[in-house]
Amino acid sequence: MVKLTIARKGFFMGSQTIKVSLQSIEFPAINFYVHIVSVLLILFLLKKTFGDQIFRILNVLKELISASINRKKNDDWMAFCRTRKYWPQKQDSFSLDLKGMYIKSLDFTVFPISNPQHWRAGFVIGNEKLKANEIVDTTNGITIHTGSDLDDQEKIIPIWKFYNGFDHNNPDSSLVNSKGLKEIKFSLIISNENFMRVKVENDLIFAQKVDASFRRRVYLKGWVDTSQDCEIKFKNINYSLWS
């Protein structure tokens with residue numbers, strides 16, 4: 001703002017003076033624009049120096065932040081494996097709350113209470129047509145589980161996998177080495193390209209692309225193959241979602 005001062009000398013003299021003051025002129029915050037230009041210049045130099053690597057690093061950081069925000073922790077869950085109407089075998093199932101989003105990762109440990117015979121425990125992922133009481137439904141999901149028949153002397157854990165052509169009567173299988181068999185750790189992660197990796201006791205037992213719709217449902221599941229009721233505990237249940 002410019003301040004003007006007008007002074008007049010006499011009525012008939014007709015002379016006047018004008019004083020201009022620049023004290024009230026307001027200039028824009030130049031420092032702010034200097035900072036913006038500096039940041040843009042730094043990004044340009046980083047781009048020229050490191051190419052696309054810097055942007056890949058930024059994308060990784062973005063995914064880590066997103067995973068942290070969307071990471072969930074669930075209380076421990078006990079599967080009470082007993083007879084239920086319309087449920088095949090003696091089983092129990094727990095549905096993770098995906099809040100309408102897709103599963104990204106899942107970690108948990110599992111172990112039977114006491115020493116039941118022919119117990120089974122693991123997880124099932126699938127689409128919206130997958131039912132909670134279905135143990136194996138390769139049309140609408142994938143089932144991966146462990147169970148009894150553990151080799152205590154050799155420290156071997158058997159893993160059964162049901163997907164694609166590996167149906168109820170023809171499972172895919174793996175053997176995993178373990179130092180201790182009391183608690184068995186499962187972990188899975190699915191990329192945004194729908195490539196799923198599953199580890200048991202840090203051994204990779206499944207790695208392939210899956211149907212994108214198979215990320216809409218996740219069930220933890222325990223059951224027994226004989227008439228004996230049993231309890232199977234799931235601990236350290238953590239999972240994350242794609243936003």
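**Cysteines, confidence, cores**

Cysteines to begin with. Searching the whole structure turns up zero disulfides. Take Cys81: it is in no disulfide, and the nearest cysteine sulfur, that of Cys230, is 4.0 Å away. The cut-off here is 2.5 Å between the sulfur atoms. Buried or exposed, then? Cys81 counts as buried, at 1% relative accessibility. Cys230 is buried too, with a relative accessible area of 7%.

Now confidence. Remember, this is a predicted model. The protein chain averages a pLDDT of 83, and 76% of the residues score at least 70. Look at the start of the chain. Residues 1-7 have pLDDT below 50, with 20 contacts in the model beyond near neighbours in sequence. Residues 9-13 are also below 50, and that stretch has two such contacts. Where pLDDT is low, the predicted coordinates should not be read in detail.

On to packing. The largest nonpolar core has 39 residues. Which residues have the most contacts inside it? Phe123 and Phe234. Strand E15, residues 230-242, supplies the largest share of this core, six residues. Zoom in on Phe234. Leaving aside neighbours within four places in sequence, Phe234 is in contact with residues including Asp76, Trp77, Phe108, Val110, Ala121 and Leu220. Another core lies apart from the largest one. That other core has five residues, among them Ile135, Val136, Trp160 and Trp223.

That's my tour. Over to you.

Conventions:
Residues numbered from 1 in each chain as written. Predicted model: local features only at pLDDT ≥ 70, side-chain atom pairs only at ≥ 80, totals over all residues. Heavy atoms only, no water. Buried < 20%, exposed > 50% of the residue type's maximum accessible area, 1.4 Å probe, protein only. pLDDT = per-residue confidence, 0-100. Contact = heavy atoms within 4.5 Å. Core = buried A, V, L, I, M, F, W, Y, C linked by side-chain atoms within 4.5 Å. Helix = DSSP H or I, 4+ residues; strand = E, 2+ residues; numbered from the N terminus.
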